[in-house]
Amino acid sequence: PDGKKNTPERRAELCDRIHSPDGPSCTRIIQKVLGDTNDDFSQQDTTYFRLHHIDDDDLSHPLAQIVVEPREGRLYGAAPHPALPIDVVAVLEKHALEKLREAGVQRIKIDVALFGLCKWILDKKRWKDANLVAKYGEEAAEAVEAVVLGRPRPGHSVLGVGTFRAAQAMWEDLANQYGHPANPGLVQDHIALFSGGRVVETLPFVDLREEALRDFGGTLLRIHY
């Protein structure tokens, strides 16, 4: 067996320990700075924090990672290995938040991807909700359906800017429902972690990578801390 890479066994060990009182002692966090390294963390432009199993020698395949822009006080791009649950990134979020605080960064924001949003909309075909259709119209409902299914609207050749524009108002409403504190799920982990944080903005269709559109419509919640 390959002892140098993260393996299914190591990922399982992390899942078992991720919620232990002492944290996942089987992991270590590696910091990678893009561009010029600045000794003052608060003045660095972009830093990656990557989570690895403590025994991993191959650092090209992290268990999870998050991007931090210390100068902007911004965290984003939290993503786990596909075989791991999303709450694994909470370890990195906590670490990054502590680093920003230690560096004296006062205003911190985190952009949270609404993983699972498209599936949540699709499961109950929520674009057909009578109240939403009455409020936003048939065109918006058709556009939301197109985004969720990942295909152009009837009569259109591509899934693009026009569809996103038509879908936006209804999509924001659905995203806010999905990310509401009364709706259990991913966002609760983030808001609980960032005690005192508050959702200030919904950012639909900002991540246009194919996999991001397919999973969460490229939609983020911005939380200020």
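**Note on the predicted model**

1. The side chains of Arg209 and Glu211 are joined by a polar contact of 3.1 Å. This comes from a predicted model, and the distances and areas below should be read with that in mind. Arg209 sits in the loop between E6 and H8. Its relative accessibility is 43%, so Arg209 counts as partly exposed; the class runs between the 20% limit for buried and the 50% limit for exposed.

2. Arg209 also has a place in the largest pocket. Together with Ala78, Ala79, Phe115 and Phe216, Arg209 lies nearest the centre of this pocket, which 23 residues line. Strand E3 (64–69), strand E4 (74–80), strand E5 (109–113) and helix H8 (210–216) are the elements that each give two or more residues to the lining. The volume of the largest pocket is about 550 Å³. Sorted by class, its lining is made up of 14 nonpolar, 6 charged and 3 polar residues.

3. The loop between E6 and H8 also holds Phe205. What is the backbone angle phi at Phe205? Phi is near 55 degrees there, a positive value in a residue other than glycine. This deserves a comment because most residues other than glycine have a negative phi. Phe205 has a relative accessible area of 10%, so this residue is buried.

4. Lys125 is another residue to check. Although Lys125 is not a glycine, its phi is positive, at about 45 degrees. Lys125 belongs to the loop between helix H3 (117–123) and helix H4 (130–136). Is Lys125 buried or partly exposed? With a relative accessible area of 43%, Lys125 is partly exposed. Along the chain, Lys125 and Val148 are 23 residues apart, and their C-alpha atoms are separated by 9.4 Å.

5. Strand E6 (residues 198–203) contains Thr202. Why does Thr202 count as buried? Its relative accessibility is 13%, and the buried class covers values under 20%. The side chain of Thr202 makes a polar contact of 2.4 Å with the side chain of Asn176. Leaving aside residues up to four places away in sequence, Thr202 touches Asn176 along with Glu172, Ala175, Thr219, Leu220 and Leu221.

6. Some totals for the chain complete the note. The chain has 8 helices and 7 strands. Of the contacts between residues at least 6 apart in sequence, 59% join residues at least 24 apart. The chain exposes about 12,000 Å², and 48% of this area is supplied by carbon and sulfur atoms.

Definitions and conventions
Residues are numbered from 1 along each chain as its sequence is written. This is a predicted model: local features need pLDDT of at least 70, side-chain atom pairs count only at pLDDT 80 or more; totals for chains, interfaces and linings use all residues. Side-chain values use heavy atoms; hydrogens and water are left out. Helices (H or I, at least four residues) and strands (E, at least two) are DSSP runs, numbered from the N terminus. Contact means heavy atoms within 4.5 Å. Accessible areas come from the Shrake-Rupley method with a 1.4 Å probe; for residues, only the protein chains shown count as cover. Buried means under 20% relative accessible area, exposed over 50%, partly exposed in between (1.4 Å probe, protein chains only). A polar contact is a pair of N or O atoms within 3.5 Å; within protein, one must be able to donate a hydrogen and the other to accept it, and residues adjacent in sequence count only if both atoms are side-chain atoms. On a 1 Å grid over the protein atoms alone, a cavity is a set of points where a 1.4 Å probe fits but cannot get out, and a pocket is an open set with protein on both sides within 12 Å along at least five of seven lines; lining residues have an atom within 4 Å of a point. Grid points are joined across faces, edges and corners, and a volume is the space filled by probe spheres set on the points. Ala, Val, Leu, Ile, Met, Phe, Trp, Tyr, Cys and Pro count as nonpolar, Asp, Glu, Lys and Arg as charged, and the others, Gly among them, as polar.
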